[in-house]
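Dear colleague,

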Amino acid sequence: MIKESKSEKTGSGITGGRADISLKGLRRTFREHVFYTQGCFPLVAGQNDLYMAAAYTVRDLILHRWVVTLQKLGRENIKGVAYLSAEFLLGPHLENNMVNLGIYDAIREAAEAEGIDIQALFDQEAEPGLGNGGLGRLAACYLDSLATLEIPAIGYGIRYEFGIFDQEIKDGWQVEKTDQWLRLGNPWEIVRPEITCYVHFGGRTEHYVDDRGGFRVRWIPHKTVKGVACDTPILGYRVNTCNLLRLWKAEAVESFELEAFNVGDHYRAVFEKIYSENITKVLYPNDAQIQGKELRLEQQYFFVSCALQDMLRIYKLFAWDLSHFADHFAIQLNDTHPAIAVAELMRLLMDENDLDWDSAWDITRNTFGYTNHTLLPEALEKWPVDLFAGLFPRHIEIIYEINRRFLDEVEEKFPGDAGRAARMSLIDESGPRYVRMAHLACVGSHSINGVAELHTRLLKEDVLLDFYELAPEKFSNKTNGVTPRRFMVLSNPGMSGLISETIGDNWIREPEELRKLEGYAQDPAFREAWRRIKFENKQNLARVIGQRTGIEIDPSSIFDIQVKRIHEYKRQHLNVLHIIALYNRIKQDRACDIHPRTFIFGGKAAPGYFLAKRIIKLINSVAEVVNSDPDIAGRLKVVFFPNFNVKNAKFIYPAADLSEQISTAGMEASGTGNMKFCMNGALTIGTLDGANVEIREEVGTENFFLFGLSAEEVIALRKSGYHPMDYYRQDPELRRVIELVGSGHFSRGDRELFKPLLDSLLFQDPFMLFADFAGYLEAQKQVDEAYRDRERWTRMSILNTARMGKFSSDRAIREYCRDIWKVKPVHIELGDMPVDTTLFRIDNDPHP
């Protein structure tokens, strides 16, 4: 409840400027929003009313910067970045914006003065359901860094009504619940119903000759959907730059057919509304059925078409010559989801703006850059030609023509190499015909980059070898990074405060300055303070786990954590096999010397991924047995933390002692969770996969627990013939672990429950768990020994944080700006700049 002041009781009213960040000003603005925006008075204001009022109070301060930023950019001839991504895993806004504005303490003080628990407001905010995994979180980190570095940028994506799902665990199984993140409103979003785009699907094309004798194509669509812009301001850290995230929601052009309704056909009256809104209804619809595949392809085209139409609309406001489009927009394709943008920009330039093929192609290739995020063949999207052509008859024509001209280039450089031409073709004709989206992105972009040094090398040597041999100058590496504002300053205020007290706070903007901490690793007082903060973070996580799961864990045990999307290649089940091995050792010898350890898992499995969901069940089944066995009490605990997301991550990363980064070498493109753990002082046990390679180089080999086959060894073993049964027969400990699972010990006697998982390991083991099992156990033994020497472990922890500056998203964005986008910062000063209303002229407004 809000404390009432005397002035309010006497009805004196509330006045004042929204940019006032004094205690008095913040309280006044907050009360105005409770009253005028939420329509409440203190006695009846609920928790969501208070959160919304606090959010609007902070948003007011952001919008001032946003309008001034847009006004400044509109007045200058600058080049900006357009970042196209199917996901933006932003995390909650309120706390992050308070940090970036530098008003965290002021808002907290104002809340206390109002008698409000600020943490309750943070808890009230829903996690935006706009992303799922590392791809979306990377996009969000990059938006943060673009704004912090004062780079003009727009993020374009989809405004999903529902997120992928909320995860619950029932009887050890993942249960998917609808993620209704918008149920109570979104105060950070500004819907722009006046900014719309029309997106077509299906139909046919007509070819004709225009008045000048030129060949033209007209697309006559079967359906048209309206895209409505939904804007979210993205503020940089302690700067005035506020960039734009523009997400698109789908609506019907005509949402209600009155004539059909009046004759009793109520379904047909709303059919267009249902069909249209389904496009942006849910993040990643299950594509096991053809209807799901079609919907995902519609989603991708919908947001890409809206984004490109919007860029052309903005461009034309300034009456610039279209031939210079690439001088004003650098468009980055975040993986293959937006790759259809290549064909769509060609269509818009030729069919809507009358450019010839060569001019349009020159603009297109100079505009796009493509970031590849995977080495898994199944993740390099391809679509059945019949499905693609049915939805996009004009685009398939354009792709065929791009392919014809491209294969002429291939033939010119590699004459007579039919095999190469077939491998590089945009159309896979080795069986049923498919459109290869990664190939389209490669051909239509001037730049192709991987996201870790190993990943980029493997792209050049294997996945995209043919494209590298054709145009090696296109390829570069841009190792991923994460924002220290979200994952250190906000998530770990105790550690961040200690660092700032010790070396100053400039590291928040220049993370390479964390290197100054290295000398303090030898300071006993600093190490003691570091340990104290880590222990407090572990206590906090233990409290949350107790509340969420009912499991009590010991903060003095090793917190061994693996949180990420559940997938066989990420090898959560290898972690489980180690737990069972420890369990067996204790059961066989209760005096065996094992330091107490708590194993914490988190992550979601795709709804249709059978084995991944079985891995979650295995984790929880092992937890049920281990946690209830009196012989194991005080030595091992196993926890599955449900519904892992950005909001929950703030409890997890700061509390970790050990970070599990154990994917099969050569499978993970980069990973970013590995970086977040290290930034918070966790040590890594991992393979030479993704960015682990560079992390190990930075932190020092002595501060990283390495095990497993290298990427080259994995490839060689596959070629020579990998037989997991050989490892099973030769390793008695592995055999005991597998036999115990197969006996039904962890499944209440049910021998069939985990048989599919065991059969996969015994007869296929596609991700080589058995080959890495012995090495993994040996590395875990080294972890146990190192942790017992608390001074050594603390030094290693400090050095991990001190040497993580390279893995800031700021460094990554600087490299993109320098090498790919060719864009420069634009400094924004607030001053007393008035709002120039001419910048908000609506097209066709008779009175601009």
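A residue counts as buried when its relative accessible area is under 20%, as exposed when that area is over 50%, and as partly exposed in between. Please keep in mind throughout that this is a predicted model.

By that cut-off Ser476, with a relative accessible area of 17%, is buried, because 17% is under 20%. Ser476 has its place in strand β16, which covers residues 475-477. Once the neighbours within four places in sequence are left aside, Ser476 is in contact with Ile448, Asn449, Gly450, Thr456 and Ile820.

Apart from its neighbours within four places in sequence, Tyr275 is in contact with Phe201, Lys223, Val225 and Glu298. As for Phe165, it stands 110 residues from Tyr275 in sequence, and the C-alpha atoms of Tyr275 and Phe165 are 21 Å apart in space.

The cysteines deserve a separate word. A disulfide is a covalent bond between the sulfur atoms of two cysteines. A search of the whole structure finds zero disulfides. Cys817, accordingly, is in no disulfide, and the nearest cysteine sulfur, which belongs to Cys141, is 15 Å away. Cys817 is buried, with a relative accessible area of 8%, and Cys442 also counts as buried, at 1% relative accessibility.

Turning to the protein as a whole, there are 33 helices and 22 strands. The radius of gyration is 28 Å, close to the 29 Å that the globule rule gives for 848 residues, and the protein is therefore as compact as a globular protein of that length. Taken along the principal axes, the C-alpha atoms fill a box of roughly 90 × 85 × 65 Å.

Finally, how many positive and negative side chains does the protein have, and how far apart do the centres of the two sets lie? There are 102 positive and 120 negative side chains, and the two centres lie 3 Å apart.

Notes. Residues are numbered from 1 along each chain as its sequence is written. This is a predicted model: local features need pLDDT of at least 70, side-chain atom pairs count only at pLDDT 80 or more; totals for chains, interfaces and linings use all residues. Side-chain values use heavy atoms; hydrogens and water are left out. Helices (H or I, at least four residues) and strands (E, at least two) are DSSP runs, numbered from the N terminus. The radius of gyration is taken over C-alpha atoms; the globule rule is 2.2 Å times the number of residues to the power 0.38. Lys and Arg count as positive and Asp and Glu as negative; His and the chain ends are not counted. The place of a charge is taken as NZ of Lys, CZ of Arg, CG of Asp or CD of Glu. Contact means heavy atoms within 4.5 Å. Buried means under 20% relative accessible area, exposed over 50%, partly exposed in between (1.4 Å probe, protein chains only). A disulfide is a pair of cysteine sulfur atoms within 2.5 Å.
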